[in-house]
Every structure is written in structure tokens, then in C-alpha cells.
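Subject: Structure handover

Hello,

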Amino acid sequence: MTKVGIPRALLYYQYLPMWRTFFETLGAEVVISPETNRSLVASGASRVVSDTCLPVKVFCGHVLDLADKCDYVFVPAIASLHMRTHNCSKFLGLPDIARAVVPEAKVLDVDINTPQGQRELYRSIYSLGRHFTWNPLKIKAASEAAWQAHKSYLSGMVEGGLAPPNVLDGQPHADGAASWATIAVIGHPYVIYDDFINLRLIGRLREAGVKVMTPEMVPHSDLAAGVVRLLGHPYWTYEDEVTGAGAHYLETGVDGIISVTPFGCGPDSLMQDVVRRNAREPYHKPYMSLVIDEHTAEAGLVTRLEAFLDMIQRRRQLAASPGSSGRARP
Amino acid sequence: MKVGFPHMGDVWLPMVTILRGVGVEPVVPPPYTKKTLSLGVRYSPEGVCIPFKLTLGSMIESLDLGAEGIIMAAGPGLCRFGYYAKIQERILNEQGYHFDMLTTELFEGKFIGVSRFIKRVSGGAPTTKVFGAVRLGLKKMDALDNIERVVHKVRPVEAVQATATKIFDEAKHALDEAPNAKSVDLVRADFVRRLAAVERNPQADPLKVGVIGEFYVVLEPFSNMDVEIELGKLGCEVHRTTFISEWTKFSLFLSILGMTEKGKLHQAAMPYLKRDVGGDGWETVGEVAYHAGHFDGLVHLAPFTCMPEIVAKNIIPSMKEQIPLLTIICDEQMGRAGMLTRLEAFVDLLRRRRDAQRKSGGLVRTAAR
């Protein structure tokens, strides 16, 4: 049986159910790389140039790990999913980067650019499916099953208030009943759900008795409306999970927002900045920006997290005390 | 309305011509200085690339000179560059500047789109006037780029250093003052002649060095610390494919016919990078493959954290075409002395490599990049 490797990095958190269903329906065996760990990051980082962002370094580590475990490593090039939006260059050239830096892996790529029309989309899917079967009907059936799996994955997260790791890896839904504050964590799924990259940020927040909200818990239409509110028109393919989620959580009553950005992230350098500026004016919402890379130290993160939570607690006390305006000093 | 714009290389020349031609008063910000850069850095998001910071600083300087509108390119299909204008407008508003951000979508509408945009800026100038102004502006840019190509050839062989650069500066002013297409032709011919007459150093044996990389840092000498002038001083004949006039010619006219400005480069890049990754990443990979045979070396310029160039940088080492390549990352932390040292070392390497090649009468493989 053909073995297809799916790296547990980058778009894995968004699309795994869809990809897995597609390959399995076509009779392939899906192999998923292990959770990110130190040696994976080190091996990935050793292959790429130093100013590559952490998520891509991690991704290359996963590809390297899969290289000798399977026949193909699946690396899609997702260019655009909506009219007039564009993806980060590193996503556009991901298969080419993977081929260049991990020559030992056999890369299976597919170009997804939905504004080019359905015909082109089906053609790309067909050329991907051709590696497994000659029968176009089988490929069509597999892509439809994959799409269903994707839809139920998305709606499951929105309805259940779940994050991708709960669904993908069956992690227990850890939010206790007693939480004293709600914090939104915004950022790309491959940053906020990879516990090695973000040093277990969400787990730490939950341990501190905080209810954590993430972009995946918001229906897509609300995220899109948020982008329109802040910017008018989305620019990036994955604008929703940052600007959209930021806009959504600025309006709804969370106590604070933590944004997580990999160092050197091009799209985030501007997207997170839009949210940050709006958090200050007009929303007056506590906002903390965490910039992470492979050198991020645990102690520094913990200190900043504690300070942020202390600030939120004081703000709440201030709001609860009579006679105050309910707003901390600007 | 007084209209300003941020600097990018010599783009002020056609811009001023076009704006004056349609009866708008242009506000040309002062040339880039450390002050412009620190203004830009102060108000920019930390992680953004150098072109954002420089253009923001330049916008502040033109607003301080009384500009009521700022012309800026925008629109999807690039890298984060297309997102600049929105954020810059917001930043400037927060700093108390209120003005019209006049954005034009670079790839849409081609020549007609640009003319329509200029018409909007001018508040409805007659279309014939707009066409005439745009044509004259593009003609000046074309003439200047033609002169610059000659300057690149003269710099490494001139007997007295900086002669060609001085003549080039004069050419910019002469072109700025040229009132019509005919006088532009005369100025071009005159300066090409003057450059040809520059006294040469008989011992000069220039190396051929290509300058490749990201559009903005290649075209804006302040952002790359005059790398082309420095290469010239070190005896290198600079070759570059990125010229504003080339780019406008293709993106405004020929792309309608399905011709892309760098089709050859894309073809050369195909074995390594099959897709357009935005910005100039595809072209950078293509230029390495394309020029490997006939240049002595390449200088690759990229802003720090530039996504397309990082893709290119990751792909270049695995290419089978081998050519010495020096990547210079441009940002506000860049120091002139460090850049010059690296450049000198690189040129030394190229010279020694060429000498070895000449001696052995054939190609010498580079051991390591």
C-alpha cells in the first residue's frame, strides 16, 4: 500500500481530516509525523537559511522525519482561497522549498488556487489523485468525502468550542467550569496549537484558571465580518485567524487578547499590528503580543504571562469596585 | 491639491513630470537620509520590512512639506507590499496627519488604469492631457534608465572615480527640466555621448557582476547603501534586469499581450521553483540559473524578513548552476563598513576565481558557496 506522509506542521491543523480522508479513500496509508520536539526543530533548522521563520523550520524537520518512513510526503501549495487574496510566499513555494532542502523526501504537491475556477481546482485534485488511481470517478468520490470530513471538522469545533488538538488528537476538552477570566489567543493554528513552538501557552493559561478562546471556535462568517470591520477587504489567504479573530474578540467580551507571532512572520507583521492598534483605540482591550522563535525561553514567557494575567485581574477588581468607570487607566 | 509620494530610486522623475503635466503641484520629499529612516522606524511595526519603514518616513517628510495627498501603490498579488498603504494611512492618522491616501492597484487596468488614476488625482484633467503627461513621464524614465545602463559600464573603467556618478546626477536634473519628448531624446543622446567620452583607466579589467533581488532595495540606493556605486569603485561592471522603465513597459502594455517581463527568467527558474511566490522570489531564482554561465558573480539584495527572497535563498544552494553569490540583507541595522568589507572580500574572491579560470583556460568549479 502506498504510504503518504503528512507533516504535523503548518496547515496540518486546518486540513488534516480532509487530507486524511482523501488519501485513505483512495487506498493509501496515511503516516503522520510525531509531535514537534527539539531534535525535529534542530534538524529542520539545519536545512534552511537562518532567517526562515520558525514554522517553516519546524515543517522541514517534519518532512525530514517522514522522508524515509513513507513513499510520498504531501506538501500542498495553497496560493489563494478567495478572490483577490494572496498567501505568504513561503506557502506558495512550500513544495519547492521542501524539495530543495530535503532532497531525500519524495514530495507530492498540489496547487490550490480557487479563484482560478472550479475546473482548475478539479484538475489539480485529479493530478494529485492520479498517483493512486487512474479512475476519475474514484478521485471525485474521494474529494467529495474529503470535503465532507472538512466541513464536519470545522462545524464540530465551532459548536463544541473545541480547538484542533481536541479533535485531531482526542485531547480532553480541558476547560474547567470555574474560570475567572476569558482570554482569546489569536494567531495561526500552527503556532498556537503546536505546544513545542509556543511552550504550552494554552495549557499554561488553562492551569491559571483562564478560559481560552481561539479563532477556530468562531464561525467563519463572523471572522470574515471581523476582517471587513477592521480592514475593508482581506488581503491574505489566512487573514481570518488573525485579523478576523482579533476583530471578533475585540467586540465580544473577552478580558484580554494574546497574539502569538513567529519571529519574522511577514503577514503577521502587519496583521497583528492592525489588531494591536485597534485594541488600543477604540476598544481599550488588554493586548499582549508574544513573538516566538526557537530561542524563546520558558521563564521569560511565564513572567510575561503572569504579569498580563495580574493586570487583567486588577482591571476586573477596578471595574467591580463602585464609582469606577470600569476602565483601567488608559 | 499638493500631492506627495514616497521615494523609490528615481521614480520621482516620471512622477513629477506626470503630476506637473496634469496641473497638480508635486511635493518631492527630500532624498532619503538617516532622519527619514529613523522617522519611519519610530512609527512602523517592529517586524515589517525596510521598504515599509523608508516609505513611511518619506511620507511623513512630504506631509511636513505640505502635501495634502500621497500617492502609493497597493493591491493584492504582491507580497505584504500591497498591504502597506492601509497600515501607513492608519499610522499617519494616529500621528495627526490628515490627508488623502491615493492608492493605485499596480496590476489592474494597465495603461488605461494608470491614466484613469492620474485623472482622478488631477481632479478631472482632460484625457489627452493625462495621456500626454503619462507618456512623457515614461519616456523620461526610459531615457534615464538607458543612461544608467551606460553609467554601470563606465564606473569600473573611469580614470577618475565618481565621474560617471556625477554625470548621472546631472542627467537626472536635465531630464527633469526637459519640456517635451524631443528634448528628452536630445538629453539622452547628449549624456550618452558625455559618458562615452569619460577618460578611461587603461589597466581596468572589470568583472561582470549581476545585482539581483527584491525590487525596492535593488532600485533604492539608500536602502542598499549604494551597492552599485561601491561595486563600480571596486572595478565591477554592474548588470541588473530590474529597471523601472522595463517594468512599466511590461506591466502596463505588453502584459496585455500575454508577455511577461521576465519570461526567460521564469523559464530558467522552472526546474527549481515552479510557481510565482509573490514579490521577486521567482525572478531571483531565475536570474541565478540564467546568469550562472556568463557573469563572474551575483550580489543578491533582500530586505530582512522578505518572504519571497527567503524562499529563493532556500532554493538557491540546491541549484546545479553554480555561481558565486553574496546575499546582502538590508535593514535599518545595516552598517556601511560591514557591507563594504563583505563586498571587498567577495570581489577579491571573484577576481581570484577569474584569474584561475583564465590560467587553466576553462571553468573552475566553486568548491563551496
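Below is what was found in it, starting with the contact between the chains.

Keep in mind that this is a predicted model.

Chain contact
Chain A and chain B touch through 30 residues on each side. On the chain A side, α4 (89-92), α5 (94-101) and α13 (266-280) each supply at least two residues. The largest share is from α13(A), with seven residues. By type, this side of chain A has 15 nonpolar, eight polar and seven charged residues.

Nonpolar core
The largest nonpolar core holds 208 residues. Val63(A), Val73(A), Ala98(A), Val185(A) and Val285(B) have the most contacts inside it. Helix α6 of chain B (residues 127-154) gives the largest share of this core, 12 residues. As background, nonpolar side chains in soluble globular proteins tend to be buried together.

Take Val63(A) as a way in. Neighbours within four places in sequence aside, Val63(A) contacts Pro7(A), Val73(A), Val75(A), Ala98(A), Val102(A) and Ala105(A). Two of these partners, Val73(A) and Ala98(A), are also on the list of residues with the most contacts in the core.

Val48(A)
Now a loop residue. Val48(A) sits between α2 (38-47) and α3 (54-67) of chain A. Is Val48(A) buried or exposed? The cut-off for buried is 20 or more other C-beta atoms within 10 Å. Val48(A) has 22, so Val48(A) is buried. Beyond its neighbours within four places in sequence, Val48(A) contacts Val56(A), Lys57(A), Cys60(A) and Val101(A), and also Asn314(B). Gly61(A) lies 13 residues away from Val48(A) along the chain, and their C-alpha atoms are 9.8 Å apart.

A sheet in chain B
Chain B has an open sheet of four strands, in the order β6-β5-β7-β8, with parallel pairing. The edges are β6 (236-239) and β8 (325-330) of chain B. Each has a single partner strand, so one side of each has no neighbour in the sheet. On average, neighbouring strands are turned by 25 degrees against each other, direction ignored.

β7 (residues 297-303) of chain B runs parallel to β8(B), and six bridges join them. Leu301(B) stands opposite Ile328(B) of β8(B). Helix α15 of chain B (residues 336-360) packs on this sheet. α15(B) touches β5 (207-213), β6, β7 and β8 of chain B. The direction of α15(B) makes about 135 degrees with that of β5(B).

Best regards

Key:
Residues are numbered from 1 along each chain as its sequence is written. Chains are lettered from A and ligands numbered from 1 in the order in which they are written. This is a predicted model: local features need pLDDT of at least 70, side-chain atom pairs count only at pLDDT 80 or more; totals for chains, interfaces and linings use all residues. Two residues are in contact if their C-beta atoms, placed from the backbone, lie within 7 Å. Ala, Val, Leu, Ile, Met, Phe, Trp, Tyr, Cys and Pro count as nonpolar, Asp, Glu, Lys and Arg as charged, and the others, Gly among them, as polar. A nonpolar core is a set of buried Ala, Val, Leu, Ile, Met, Phe, Trp, Tyr and Cys residues joined through C-beta atoms within 7 Å. A residue is buried if 20 or more other C-beta atoms lie within 10 Å of its own, exposed if 12 or fewer, and partly exposed in between; C-beta atoms are placed from the backbone. Two strands pair if DSSP finds at least two bridges between them. Axes are lines fitted to C-alpha atoms, for helices over the stretch in contact, and angles run from 0 to 180 degrees between N-to-C directions.
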